[in-house]
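Here is a short report on one protein chain. Look over the sequence and the model first, then read on.

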Amino acid sequence: MIFNCLSCGKAISSLKDICPYCKTDIAEINEKLNSVTKSTLVKTKLKGTILALVSKYT
């Protein structure tokens, strides 16, 4: 996933631990970003499945 560095504002990959432009440590931000994206991906995937329809009407 690509996101903007909080220090310099340039686009960087979430696979990096340090911003290649300003050398800011972004490992903690990556952990938070990955945990949020995993939970939203699960919700998004379940939204269009039969399980979502079954749980909606029960």
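How many disulfides does a search of the whole structure find? The count is 0. Keep in mind that this is a predicted model.

A disulfide is a covalent bond between the sulfur atoms of two cysteines. To count here, the two sulfur atoms must lie within 2.5 Å. Take cysteine 5. Its closest cysteine sulfur belongs to cysteine 22, at 3.8 Å, so the two are too far apart for a bond. Now take cysteine 19. The closest cysteine sulfur is again in cysteine 22, this time at 3.6 Å, and that is also too far for a bond.

## The overall layout

The chain contains 2 helices and 2 strands. Along the sequence, the order is β-β-α-α. The chain has 58 residues, and 14% of them count as buried.

The chain exposes about 4,800 Å². Carbon and sulfur atoms supply 63% of that area. What about contacts across the sequence? Consider contacts between residues at least 6 apart in sequence: 10% of these join residues at least 24 apart.

## A buried isoleucine

Isoleucine 12 sits in strand S2. Its relative accessible area is 4%, so isoleucine 12 counts as buried.

Which residues does isoleucine 12 touch, leaving aside its neighbours within four places in sequence? The contacts are Met1, Ile2, Phe3, Cys5, Cys19, Pro20, Tyr21 and Ile26. Two cysteines discussed above, Cys5 and Cys19, are on that list. Isoleucine 2 and isoleucine 12 are 10 residues apart in sequence, yet their C-alpha atoms are 5.5 Å apart in space.

Most residues other than glycine have a negative phi. Lysine 23 has a positive one, about 65°, although it is not a glycine.

Where is lysine 23 found? It is in the loop between strand S2 (11-13) and helix H1 (27-47). Is this lysine 23 buried or exposed? Lysine 23 is exposed, because its relative accessibility is 61% and the cut-off for exposed is over 50%. Isoleucine 12, by contrast, is buried.

Note on methods. Residues are numbered from 1 along each chain as its sequence is written. This is a predicted model: local features need pLDDT of at least 70, side-chain atom pairs count only at pLDDT 80 or more; totals for chains, interfaces and linings use all residues. Side-chain values use heavy atoms; hydrogens and water are left out. Helices (H or I, at least four residues) and strands (E, at least two) are DSSP runs, numbered from the N terminus. Buried means under 20% relative accessible area, exposed over 50%, partly exposed in between (1.4 Å probe, protein chains only). Contact means heavy atoms within 4.5 Å. Accessible areas come from the Shrake-Rupley method with a 1.4 Å probe; for residues, only the protein chains shown count as cover.
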